[in-house]
Amino acid sequence: MTYLITGASGMLGHDLQEALTDREVTALGRAELDVTDLEAVRAAVAGHTAVINAAAYTKVDDAESHEADAAAVNAIGARNLAVAAREAGAKLVQVSTDYVFDGSATSPYQEDHPLAPISAYGRTKADGERAVLAEHPNGGYIVRTAWLYGKNGPNFAATMAKLAANGVDPAVVTDQLGQPTWTADLAAQIVALLDADAPAGVYHGTNAGQASWYEFAQAVFAAVGADPARVSPTDSSAFVRPAPRPAYSVLGHDAWSTAGLAPMRDWREAFEAATQHGVVTAP
C-alpha cells in the first residue's frame with residue numbers, strides 16, 4: 001500500500017507516521033493540504049491506495065459559535081476525501097469521535113447505535129461520518145475514538161502531569177466516563193485494520209475499560225510520582241463551558257471481533273506502557 005495521512009502534524013498524525021515508518025507514506029499537515037478544497041484533495045489522493053484522515057476542527061467550544069468553520073473541515077473535508085478516495089480506488093479511514101453520541105447511555109455504545117450529537121462539533125463530525133459512508137460505502141472506514149493522549153500534542157494527561165510538577169492540586173470531574181486512549185495504540189490499530197483488508201464500516205478505536213476524568217487524573221499523578229490524593233473530586237457543574245460534553249463516552253468494540261481482529265488493550269495497560277515510553281513525564 002501507499003499511504004496518505006492528512007492532519008499529519010497533529011498528535012495522532014505523528015503516531016501514524018511512526019506506525020508506518022516501514023511503508024511508503026505521504027504525510028500532509030494543514031499547511032500542505034486544505035481538505036476543504038476538492039481539487040487539491042483529488043491531487044493529493046492520486047497515486048495512493050490508503051488514506052487516513054486525521055485532519056479535524058477540534059476546538060469543541062469554539063465550534064459552538066463557528067459551526068460553519070468546523071463543518072468545512074469535519075464534514076465537507078471528509079466528503080472530499082471520500083469522493084477522491086473512491087475515484088482513486090483507495091481505502092479511506094475517517095477518524096471520528098464519541099461526540100457523535102449524546103452521552104446518555106449506561107452501557108457501551110455499539111458501532112450501530114443511532115447518532116445523536118449534542119454539540120456543534122459533534123454534529124459536524126456526525127455529518128462527516130455520513131458523508132464518508134454515503135460517498136465511499138465499499139472502501140470507507142469510520143474509526144471513532146475518544147480521550148486521546150500522546151507525546152506530540154496538548155492533552156489531558158500532559159496537563160495533569162504539569163499541574164503535579166507545579167504543585168497544583170486540581171479538582172477533576174467524576175461524572176464523565178470514558179476510555180483514555182493512547183494515540184500510539186490507535187495508530188497501530190488503524191494500520192492493522194487496513195492490513196487486514198477488513199470490511200468497510202464503523203469501528204471503535206478506544207482502549208478498553210473505562211474511567212472518569214478524576215480516575216485518569218489520579219493515574220497521571222501516580223505515574224509522575226505525585227500523590228494521587230492531591231486530586232480532588234468534583235462534578236461538571238463546576239465547569240460550565242459553551243459546548244456540552246457527553247457524560248458517558250464508553251464505546252463498545254464488537255466490530256473488531258467480527259472482522260477477525262483483536263480490540264485494543266485495557267486503558268490502564270496502555271497507560272503503563274505509555275509511561276514507560278516517556279509519554280507521560282513530569283516537566
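This is a predicted model: local features need pLDDT of at least 70, side-chain atom pairs count only at pLDDT 80 or more; totals for chains, interfaces and linings use all residues.

Me: What makes β3 and β4 a pair?

Reply: Two strands pair if there are at least two bridges between them. Four bridges join β3 (residues 50–53) to β4 (residues 91–97), so the pair qualifies under that cut-off. The two strands run parallel, and Val 51 stands opposite Leu 92 in β4.

Me: What is the order of the strands in the open sheet?

Reply: The six strands follow the order β2-β1-β3-β4-β5-β10, with parallel pairing.

Me: Why are β2 and β10 said to stand at the edges?

Reply: β2 (24–28) and β10 (201–204) each have a single partner strand, so one side of each is without a neighbour in the sheet. From one strand to the next, the twist averages 20 degrees.

Me: How do you know that helix α4 packs on the sheet?

Reply: Contact means heavy atoms within 4.5 Å. Helix α4 (residues 67–88) touches β1 (2–6), β3 and β4. The direction of α4 makes about 165 degrees with that of β4.

Me: Which strands does helix α7 touch?

Reply: Helix α7 (residues 183–195) packs on the sheet and touches β1, β3, β4, β5 (140–145) and β10. Its direction makes about 160 degrees with that of β5.

Me: Which residues does the annotation "domain: RmlD-like substrate binding" cover?

Reply: In the unreviewed UniProt entry, that annotation covers residues 1–276. The span is 39% helix and 16% strand, and its end C-alpha atoms lie 31 Å apart.

Me: What makes Trp 182 and Lys 151 lining residues of the second largest pocket?

Reply: A lining residue has an atom within 4 Å of a pocket point. Trp 182 and Lys 151 are among the residues that line this pocket, as are Asp 15, His 277 and Val 279. The pocket has a volume of about 160 Å³. Helix α1 (residues 11–19) gives the largest share of the lining, three residues. By class, the lining divides into four nonpolar, two polar and three charged residues.

Conventions. Residues are numbered from 1 along each chain as its sequence is written. Side-chain values use heavy atoms; hydrogens and water are left out. Axes are lines fitted to C-alpha atoms, for helices over the stretch in contact, and angles run from 0 to 180 degrees between N-to-C directions. UniProt positions are given in the numbering used here, feature names are shortened, and annotations may be inferred rather than shown by experiment. On a 1 Å grid over the protein atoms alone, a cavity is a set of points where a 1.4 Å probe fits but cannot get out, and a pocket is an open set with protein on both sides within 12 Å along at least five of seven lines; lining residues have an atom within 4 Å of a point. Grid points are joined across faces, edges and corners, and a volume is the space filled by probe spheres set on the points. Ala, Val, Leu, Ile, Met, Phe, Trp, Tyr, Cys and Pro count as nonpolar, Asp, Glu, Lys and Arg as charged, and the others, Gly among them, as polar.
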